[in-house]
Amino acid sequence: MKPRRAAAVGVRNPRKKRGALRTGGWDDDPFTRRAQRENFPARSVYKLQEIQKRFSILRKGDRVLDLGCAPGSWLLYAAEVAGSAGRVVGLDLSPVTIALPAHVTVLTGDVFELAQRPADFCEEAFDVVLSDMAPATTGSRGVDAARSFNLCTAALAVARRLLVPGGAFVCKIFQGEDFKRFIDAVRADFAEQRVFKPQSSRKASSEIYLVGKGKK
Ligand SMILES: C[S@@+](CC[C@H](N)C(=O)[O-])C[C@H]1O[C@@H](n2cnc3c(N)ncnc32)[C@H](O)[C@@H]1O
């Protein structure tokens, strides 16, 4: 995995000058337009904002690991909430090309590698592990759900190894036949566990978020 330190030390407004979101058709909805206005690279930021509003998972000074972080909306939001006393590390198969604040670091890599060798990736512990990872979709709900479940299982393995006791976990999953199994796995590791569908998540999407608080 190649660490990419944010090249943006001293950037005044890291949310400026990023690539435009697609407009027209499927992507042309109120959340997409709002993300454009507010200079976020993806509408997914509003899902994390809703999760934060409901569950208060991020706090000032937190160390946050963001799995599946490209194109970077969650990174920007987590960096804003954690503040410069905090630290945000992102991982994605795809590089993140937007300018980021100095307390954000991005690694290009695969979560399955990270789950196998977390110590090679980083020695530090995190207060919060986020996963908005999604597989490349195939059009078959069953196949996509099975792939999503595999990503979630890797994210949970990473959270088990790198979260501090009492830490929080947020994970997107495509609902399918393994959904209940994953809820049970999260329940086993966290004192509190909730399932949440943000308003900004498209109704037609099978995605839903699991929130675990109080890592055992
Ligand atoms: C919905 S996007 C995340 C959007 C992001 N939360 C944001 O706000 O900008 C899902 C991401 O999961 C990433 N992903 C899928 N499989 C992955 C894997 N095996 N390891 C790391 N990232 C992965 C994809 O590359 C994609 O960028």
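I count two strands as paired if DSSP finds at least two bridges between them. Helices (H or I, at least four residues) and strands (E, at least two) are DSSP runs, numbered from the N terminus. This is a predicted model: local features need pLDDT of at least 70, side-chain atom pairs count only at pLDDT 80 or more, and totals for chains, interfaces and linings use all residues. Residues are numbered from 1 along each chain as its sequence is written.

Entry 1, strands. I looked up β8 (residues 207-215) and found it antiparallel to β6 (residues 163-174), with six bridges. V211 in β8 stands opposite V170. β7 (residues 190-196) also runs antiparallel to β8, and six bridges join them. There, K213 of β8 is the bridge partner of E192.

I call a residue buried if 20 or more other C-beta atoms, placed from the backbone, lie within 10 Å of its own. Nine of the ten residues of α3 are buried, so the helix is largely enclosed by the rest of the structure. Among them are W74, L75 and Y77. With contact meaning C-beta atoms within 7 Å, the buried residues pack against α2 (45-55), β2 (63-67), β3, β4 (104-108) and β5 (126-131). G83 follows α3 and has a positive phi, near 75°.

Which residues come nearest to the ligand? They are G68, A70, S73, V111 and D132, of 23 around it; a residue is near if its C-beta atom, placed from the backbone, lies within 6 Å. α3 (73-82), β3 (87-92) and α4 (111-116) each supply at least two shell residues.

Methods: A residue is buried if 20 or more other C-beta atoms lie within 10 Å of its own, exposed if 12 or fewer, and partly exposed in between; C-beta atoms are placed from the backbone. Two residues are in contact if their C-beta atoms, placed from the backbone, lie within 7 Å.
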